[in-house]
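Subject: Structure handover

Hi,

Here is the structure I promised to pass on. Please have a look, and then read on for what turned up in it.

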Amino acid sequence: MNSPSPTTKRESPAPGARAKLKRRVRQAWTQWVPKLVAAYPMLFVAVPSDIRKPLARNLLVAMEHKGDLPLPRNTLISALRIYTSNVHYKLALSRTKVRYDLDGLPCGRVTADERRSAALEAVALKAKLRKAAKRKRRK
């Protein structure tokens, strides 16, 4: 197989690709997520709640059923992916024991392994953000 060894440095994305990703993330936070908050305020509150793939699927089905899909389907999936990969979401997930449904009501539990994994991911994201900020200050 052609898999890189653990000591091999990964190539960073091309500057154009990095800029495109930044624009997409900025668009998600300025345009897409506010539409989700408006459609389901009890789910997308100031403190991010735990969103699982089944809930995302339920969200899509509910919005399509009501006929008020605020975003195209692929855009909605991208917005949810960006929302759930955010460091604040990961921190909130690492601190909660409860899952929520579309109405913001408790509907399950977050396991200790899931909380631990979210905490590790949050630490990694924070380190990555610090490193990027430091690199930006050097320029």
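This is a predicted model: local features need pLDDT of at least 70, side-chain atom pairs count only at pLDDT 80 or more; totals for chains, interfaces and linings use all residues.

The buried residues of helix α4 are V87, Y89, K90, L91, A92, L93 and S94, where buried means under 20% relative accessible area, exposed over 50%, and partly exposed in between (1.4 Å probe, protein chains only). Seven of the nine residues of α4 (residues 87-95) are buried, so this helix is largely enclosed by the rest of the structure. Its buried residues pack against α3 (73-84) and α5 (112-138).

Residues are numbered from 1 along each chain as its sequence is written, and side-chain values use heavy atoms, with hydrogens and water left out.

For the overall layout, the protein has five helices and two strands; these are DSSP runs numbered from the N terminus, with helices being H or I of at least four residues and strands E of at least two. From the N terminus on, the order is α-α-α-α-β-β-α. Of the 139 residues, 30% count as buried. Among contacts (heavy atoms within 4.5 Å) with a separation of 6 or more, 61% come from residues 24 or more positions apart.

Y89 also takes part in an aromatic pair. Rings of Phe, Tyr and Trp (its six-membered ring) pair if their centres lie within 6.5 Å; planes under 30 degrees apart count as stacked, over 60 as edge-to-face and the rest as tilted. By this rule the count is one aromatic pair. The rings of Y83 and Y89 have centres 5.8 Å apart and planes at 55°, so the pair is tilted. Y83 is buried at 4% relative accessible area, and Y89 is likewise buried at 4%.

Next, S78 in helix α3. S78 is buried, with a relative accessible area of 10%. Leaving aside neighbours within four places in sequence, S78 is in contact with R24 and W32.

Finally, a residue in helix α1 (residues 15-39): V25. V25 is partly exposed, at 30% relative accessible area.

Happy to chat once you have had a look.

Best wishes
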